[in-house]
Amino acid sequence: MSENMRHRCLLLAVCGWAVFMLLFVSKFITLSLRDKEEYGIKPQILDKTVTKKIKPQERTLHTAKPAQSTPNELDPHWDAVHAERLNLLKNVCRNASLRNLTYCPITKFVLDRIFVCDKHKILFCQTPKVGNTQWKKVLIVLNGEFKSIKDIPEPLIHNHERNGLPRLSSYSELEITKRLKTYFKFFIVRDPFERLISAFKDKFLKNPRFEPWYRYNIAPAIIQKYRRNRTETKGLQFDDFIRYLGDPNHKWLDIKIGEPIIHWATYVELCAPCEIKYNIIGHHETLEKDAPYILKKAGMSNLVSYPPIPSGITAYNRTKVEQYFSGISKRDIKRLHARFQGDFKLFGYDEPEFLLN
């Protein structure tokens, strides 16, 4: 009997150790995938929500390729690149025929999106799904909460009650006006359609931050109103999502849940770029050059560095966009484009003719 007991104890110990190692490895893999998704990694296998296959094509970039330089090295031509971006923004904002696509007043919703670093007089407008987590880390360090980015606990980054990043909406009207006039202001943009793909994957497929209301509250509401095939019992599909976003009356869902959903709001709605005079507008596709450039122009390059960016992660992936939109009707794509057209024009992104025609 004692021999059997020893064998059982040994077996239990081995099983316990195996379970512990399995949980540890699983957690490591989850965190690794989560970090890569924050930078918009391009998966080799398409998600199950996209069923129609097309011939693979070469990966392309929307923006012209800048002069080559190593990561974090300032490109001598980058002043001209940013001057061109701001000039385009100014001209599109002045176009009266586009006002309904580009104008947004400075509401509390906009002020809620802008994070403040009073210590170094910086304002950062949050545009989800373009690497904002990394910029929050930078600002948290600049605000003096932590000495370095690696010291910041992961759960704290998005805890806006404790991360030391006040929103502009928390100040008085006089203080808001003063900061908008005198502080260094910037935000980051990304190809509008690729950003929507990232938002769909993040909130309805992977959900690494464990926000169940997207899958169990928002998704059923979208399915109930926008699913065409009522016999379909799968979770939210990409075509359901696109029909919802392209509906001119899409804001009914915002009212239903009580607040606008920032992860797929337009850049116009988030940051009011025609009303607020930003110093720099970075592009996700050129973030390797934009990040050090922004820190230099803000006078912070000697205090903090933007976290390392895995090679090729920020590049625009036309093949992925084509794959996701391959099963979407032209009518639904055109309605979606009509809503996000202001974002395409203001920030110089090529119109998605390969999807529209």
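Which residues of strand S1 are buried on one side, and which on the other? In this predicted model, strand S1 covers residues 114–117, with Ile114 and Val116 buried on one side and Phe115 and Cys117 buried on the other.

**View 1. Strand S1 is covered on both faces.** Ile114 and Val116 lie on one side of the strand.

**View 2. Strands S1 and S2 form a hairpin.** Strand S2 consists of residues 122–125 and pairs with S1 in the antiparallel sense, over 4 bridges. Within S2, Cys125 is the bridge partner of Ile114. Between the two strands there are 4 residues. Lys121, in the turn of the hairpin, has a positive phi of about 55°.

**View 3. Lys121 and Lys129 each have a positive phi.** Most residues other than glycine have a negative phi. Lys121, which is not a glycine, has a phi of about 55° and is found in the loop between S1 and S2. For Lys129, also a residue other than glycine, phi is near 75°. Lys129 belongs to the loop between S2 and H5. Is Lys129 buried or exposed? Its relative accessibility is 14%, so Lys129 counts as buried, the cut-off being under 20%.

**View 4. Four strands make an open sheet.** The order of the 4 strands is S1-S2-S3-S4, and their pairing is mixed. S1 and strand S4 (280–283) are at the edges, where each has a single partner strand, so one side of each has no neighbour in the sheet. On average, neighbouring strands of the sheet are turned by 20° against each other, direction ignored. Strand S3, made of residues 184–189, pairs with S4 in the parallel sense over 4 bridges. Phe187 has Ile281 as its bridge partner in S4.

**View 5. Helices H8 and H10 cross.** Two packed helices are described by the angle between their axes and the distance between the axes. For helix H8 (residues 192–206) and helix H10 (residues 238–246), the axes come within 11 Å and cross at roughly 120°. That angle makes H8 oblique to H10. The crossing is right-handed. From H8, Leu196, Ile197, Phe200 and Phe204 meet Phe238, Phe241 and Leu245 of H10.

**View 6. Helix H10 is mostly covered.** How many of the 9 residues of H10 are buried? The number is 8. Among them are Phe238, Phe241 and Leu245, the H10 residues that meet H8. Asp240, Ile242, Arg243, Tyr244 and Gly246 are buried as well.

**View 7. Confidence in the prediction.** The protein chain has a mean pLDDT of 82, and 78% of its residues reach 70 or more. Over residues 22–71 the pLDDT is below 50. In the model, this stretch has 81 contacts beyond near neighbours in sequence.

How values were computed: Residues are numbered from 1 along each chain as its sequence is written. This is a predicted model: local features need pLDDT of at least 70, side-chain atom pairs count only at pLDDT 80 or more; totals for chains, interfaces and linings use all residues. Side-chain values use heavy atoms; hydrogens and water are left out. Buried means under 20% relative accessible area, exposed over 50%, partly exposed in between (1.4 Å probe, protein chains only). Two strands pair if DSSP finds at least two bridges between them. pLDDT is the predictor's confidence in each residue, from 0 to 100. Contact means heavy atoms within 4.5 Å. Axes are lines fitted to C-alpha atoms, for helices over the stretch in contact, and angles run from 0 to 180 degrees between N-to-C directions. Angles under 35 degrees count as roughly parallel, over 145 as roughly antiparallel, 65 to 115 as roughly perpendicular and the rest as oblique. A crossing is left-handed if the near helix is turned anticlockwise from the far one by less than a right angle, and right-handed if clockwise.
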